[in-house]
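Here is a short briefing to read alongside the structure. Take a moment with the fold before going through the points.

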Amino acid sequence: MSRLMKKLLWTAILPLVVMAVLTFGLTSLLIGRFAETESYDQLEREADIVYEALVDGRGIPGQLDVLVFQDGEAVNLDRGGRMRRHMSPVLDPDSLSERDEVSVNGARLLTFLREEGDVQIVTYAPVPLSNPQFRQIYVILGSGFLLALIVAVGVTYWMGRRLTSPLVELKQATAAIMSGRHDITLPPVTDDEIGDLTEAVRQMNTSLEEKERMQNTFISGVTHDVRTPLAIVRNEAEMLELGVVKQEDVAATGRSLTEEVDRIDRLVSQMLEYSKLSAGNVTLSLESVRLDALIKETVSRMDEWFRHKEVTVTLELVEDAVVQADRLAMERVLSNFLQNAYHASPLGGVITIRLSERRLEIEDEGPGIAETMRANIWDMYVKGDRSNGHGLGLAINKLLLEAQGLVYGVESREGEGALFWIEWD
């Protein structure tokens with residue numbers, strides 16, 4: 001039995017037991033009090049009957065339990081009707097009050113004393129608790145409470161099993177996820193909070209599985225991207241060390257070494273930048289930025305890039321479009337979007353930049369983004385098949401845009417290019 005089930009049973013049963021004991025006790029007390037009052041009233045009526053019989057000189061009914069005393073001495077009386085069912089107790093009328101309870105030979109009796117001159121009439125009866133009829137009532141009450149308690153325990157256990165079983169399965173599933181397994185079995189999704197928790201665990205497992213897949217892809221890609229330039233650097237350094245590089249080729253070899261080291265440096269810089277942004281360790285300074293001017297400056301600075309592939313950049317800009325943003329962050333975002341558009345563009349392609357008062361669009365004529373990639377295109381480690389990057393650019397853009405409170409997105413059809421956009425209030 002699970003700990004939660006034990007707590008649930010204790011929580012449900014303990015109040016029921018307390019309630020049953022209190023109810024049984026109060027019910028017994030009330031019945032006893034009522035029965036005692038009724039018994040005394042009956043004894044008083046019987047005493048009146050005996051007195052009237054004595055006055056009229058008639059015999060006393062045999063079914064009455066009564067003792068008659070005169071000047072403290074017991075009087076033998078003629079008894080009419082059926083005989084008494086038990087022997088008369090020995091009582092001292094001088095020690096009795098009008099309504100009293102006495103113990104005779106281990107039996108508890110209720111007594112009623114009526115005094116008329118020198119005559120004392122004592123009627124008596126067993127206390128209600130010792131009466132078989134009342135004992136039967138108590139047995140019925142106790143049995144009813146016990147049966148109700150057993151039924152309550154059974155229902156509570158059944159309901160508890162239905163509630164705790166999914167939680168136990170969810171615990172086992174989360175333990176499996178923590179150990180690195182994703183082939184888990186979850187309970188059926190119900191229309192309650194446990195169903196919501198089950199769905200949340202399922203989504204978490206799917207997300208973690210996808211993250212692990214992307215992380216493995218990223219590690220594999222980064223390992224390749226670092227190993228390749230390192231191999232080139234090592235090969236060319238050995239050639240320089242052995243002196244097999246001709247004098248006229250030394251400068252070209254040096255430039256090649258510098259380019260490969262720069263590639264590694266860019267990768268490390270991107271990883272550090274993403275780490276700082278995701279941890280919130282980068283402070284942005286928001287100000288009014290004229291996007292039309294920033295776009296023109298960024299395109300002009302990258303003009304040499306575009307000429308390598310004869311890519312044309314078409315600007316469709318409104319004047320004086322202003323956004324509240326960090327200038328350096330927006331420049332970083334624009335540069336990354338334009339670099340992606342450049343790498344995606346075919347030879348002689350066109351990149352179109354459109355700017356309105358509330359929206360910026362950057363569209364290329366590349367192969368577009370596959371539908372399977374669009375949902376995760378902004379995540380870390382994700383990159384297209386034709387990309388020569390490391391899958392960090394758009395992830396960094398996402399963090400920068402969200403930090404500035406800007407809305408972003410991508411629209412694309414495979415084979416028809418991609419359109420990245422940013423919107424603001």
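The notes below go from the whole chain to single elements and side-chain pairs.

Please keep in mind that this is a predicted model. The protein has nine helices and 14 strands. Its radius of gyration is 49 Å, whereas a compact globule of 425 residues would have one near 22 Å.

**Overall dimensions and surface**

- Taken along the principal axes, the C-alpha atoms fill a box of roughly 155 × 55 × 35 Å.
- Of the 425 residues in the protein, 35% are buried.
- The accessible surface comes to about 26,000 Å², and carbon and sulfur atoms hold 55% of that area.
- Among contacts with a separation of 6 or more, 63% are between residues 24 or more positions apart.

**The helix H1 region**

- A nonpolar patch on the surface is formed by Trp10, Leu14, Val18, Leu22, Leu26 and Leu29, which together have about 650 Å² of accessible area.
- Leu29, one of these patch residues, lies in helix H1, which covers residues 3–56.
- The relative accessibility of Leu29 is 47%, so this residue counts as partly exposed.

**Strand E7 and its partners**

- Strand E7 (residues 119–126) is largely enclosed by the rest of the structure, because six of its eight residues are buried.
- Strand E2 (residues 66–70) pairs with E7 in the antiparallel sense over five bridges, and here Leu67 has Val122 of E7 as its bridge partner.
- Strand E6 (residues 107–116) also pairs with E7 in the antiparallel sense, over eight bridges; Leu110 has Ala125 of E7 as its bridge partner.
- The hairpin of E6 and E7 has two residues between the strands, and Gly117 takes a positive phi near 65 degrees there.
- As a reminder while you look at these strands, side chains in a regular strand alternate between the two faces of the sheet.

- Thr298 is found in helix H5 (residues 291–301).
- With a relative accessible area of 1%, below the 20% cut-off, Thr298 is buried.
- Apart from neighbours within four places in sequence, Thr298 is in contact with Glu331, Leu334, Ser335 and Leu338.

**Salt bridges**

- The structure holds 20 salt bridges.
- One of them joins Asp303 and Arg307, whose closest N and O atoms are 2.3 Å apart.
- Asp303 and Arg307 are separated by about one helical turn because they are four residues apart in helix H6 (residues 303–308).
- Both ends of this pair count as partly exposed: Asp303 has 32% relative accessibility and Arg307 has 49%.
- Glu316 and Arg354 form another salt bridge, with the closest N and O atoms 3.5 Å apart.
- Glu316 counts as partly exposed at 42% relative accessibility, and so does Arg354 at 27%.
- Arg354 also forms a salt bridge with Glu361, the closest N and O atoms being 3.3 Å apart.
- Glu361, in turn, counts as buried at 16% relative accessibility.
- Through shared partners, salt bridges join Glu316, Arg354, Arg359, Glu361, Glu363, Glu411 and Glu423 into one network.

Conventions
Residues numbered from 1 in each chain as written. Predicted model: local features only at pLDDT ≥ 70, side-chain atom pairs only at ≥ 80, totals over all residues. Heavy atoms only, no water. Patch = residues over 30% accessible without salt bridge, like charges linked within 9 Å, V, L, I, M, F, W, Y side chains within 5 Å. Areas by Shrake-Rupley, 256 points an atom, 1.4 Å probe, with all protein chains shown as cover. Salt bridge = Lys/Arg side-chain N within 4 Å of Asp/Glu carboxyl O. Buried < 20%, exposed > 50% of the residue type's maximum accessible area, 1.4 Å probe, protein only. Rg over C-alpha atoms; globule rule 2.2 N^0.38 Å. Contact = heavy atoms within 4.5 Å. Pairing = 2+ DSSP bridges.
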